[in-house]
Amino acid sequence: MGRSTAALPAPGAEEPGSPLRRSLCPTWLDTRPPHEPDWDCLRRTFDVVVEVLTDEKGRAHDLAVQQIVQECPALHAAHLERADRLQEQMAERLSARAVARDPACRPDPVVLRAVVGAAFACLLSAVSHALRDGDLDGLGARLDRVMEALRPSSAEPPAASRPS
């Protein structure tokens, strides 16, 4: 998938909960190459989710937990709130990456948050359809296809702007 997860904690090591929550950590954006475009950085960070959901050993447990979360309104609401915080933290990390690359850069937090939200929408769509179709083994390729279809079209990272 383009990167080793040797330095990452084992899936499930962070905290109990849904596979998505357990497998994503905003600081993992910091492990990506500094000049990697934001969109590609987000996609590569999602490799962890793909690995968790395509692992045969943990799949049944993770799917059962995900089903319970989806079917219980209180758990689902808590999951959505945590996902929102995670997206906000990832947008902040992308902003810090942009400033580290170019101190004159003034990242637009609204655009960054939207970019992260769009990337998460791609992830959730790919996971949802893979589960529905029973094709978790094809999740990585499906996610690549969805994210490529929605790739921001600007030549410069959409989240950064320079002072006039």
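Me: Contact here means heavy atoms within 4.5 Å. Which residues does Gln87 touch, not counting residues up to four places away in sequence?

Reply: Gln87 touches Arg113, Val116, Gly117 and Phe120. Before going on: this is a predicted model, where local features need pLDDT of at least 70 and side-chain atom pairs count only at pLDDT 80 or more, while totals for chains, interfaces and linings use all residues. Residues are numbered from 1 along each chain as its sequence is written, and side-chain values use heavy atoms, with hydrogens and water left out.

Me: Where does Gln87 lie, and is Gln87 buried or exposed?

Reply: Gln87 lies in helix H5, residues 73-101. Helices are DSSP runs of H or I with at least four residues, strands are runs of E with at least two, and both are numbered from the N terminus. Gln87 has 12% relative accessibility and counts as buried. The classes are buried under 20% relative accessible area, exposed over 50% and partly exposed in between, using a 1.4 Å probe and protein chains only.

Me: How far is Gln87 from Ala119?

Reply: Their C-alpha atoms are separated by 9.5 Å, and the two residues are 32 residues apart along the chain.

Me: Back up a bit. How many helices and strands are there?

Reply: The chain has 7 helices and 0 strands, in the order α-α-α-α-α-α-α along the sequence. Of its 164 residues, 40% are buried. Among contacts with a separation of 6 or more, 72% are between residues 24 or more positions apart.

Me: How many aromatic pairs?

Reply: The count is 1 aromatic pair. Phe46 and Phe120 have ring centres 5.3 Å apart and planes at 85 degrees, so they are edge-to-face. The rule takes rings of Phe, Tyr and Trp (its six-membered ring) with centres within 6.5 Å; planes under 30 degrees apart are stacked, over 60 edge-to-face, and the rest tilted.

Me: What parts does that pair tie together?

Reply: Phe46 is in the loop between helix H2 (38-45) and helix H3 (47-54), and Phe120 is in helix H6 (residues 109-133), so the pair ties together parts that are 74 residues apart in sequence. Phe46 is buried at a relative accessible area of 0%, and Phe120 is buried at 2%.

Me: And H2 itself, how many of its residues are buried?

Reply: In H2, 7 of the 8 residues are buried, so the helix is largely enclosed by the rest of the structure. The buried ones are Asp38, Trp39, Cys41, Leu42, Arg43, Arg44 and Thr45. Their cover includes H3, H5, H6 and H7.

Me: At what angle do H2 and H6 cross?

Reply: Their axes cross at roughly 40 degrees and come within 10 Å. That makes H2 oblique to H6. The cut-offs are under 35 degrees for roughly parallel, over 145 for roughly antiparallel, 65 to 115 for roughly perpendicular, and oblique for the rest. Axes are lines fitted to C-alpha atoms, for helices over the stretch in contact, with angles from 0 to 180 degrees between N-to-C directions. On the H2 side the contact is made by Asp38, Trp39 and Leu42, and on the H6 side by Leu112, Val115, Val116, Ala118, Ala119 and Cys122.

Me: What about H4 and H5, how far apart are their axes?

Reply: The axes of H4 and H5 are 5 Å apart, at an angle of about 105 degrees. That makes H4 roughly perpendicular to H5. Gln66, Ile68, Val69, Gln70 and Glu71 of H4 meet Pro73, Leu75, His76 and His79 of H5.

Me: Leu63 next. Where does Leu63 lie, and what is it in contact with beyond its neighbours within four places in sequence?

Reply: Leu63 is in helix H4 (residues 56-71). Leaving those neighbours aside, Leu63 contacts Leu131 and Leu136. Leu63 is partly exposed, with a relative accessible area of 27%. From Leu53 it is 10 residues away in sequence and 8.2 Å in space, C-alpha to C-alpha.

Me: Last one, H7. Which residues there are buried?

Reply: In helix H7 (residues 139-149) the buried residues are Leu139, Gly140, Arg142, Leu143, Val146 and Met147. They cover an arc of only 160 degrees around the axis, which puts them on the same side of H7. The arc is taken from the directions from the helix axis to the C-beta atoms. Ala141, Arg145 and Ala149, on the other side of H7, are exposed. Cover for the buried residues of H7 includes H2, H3 and H6.
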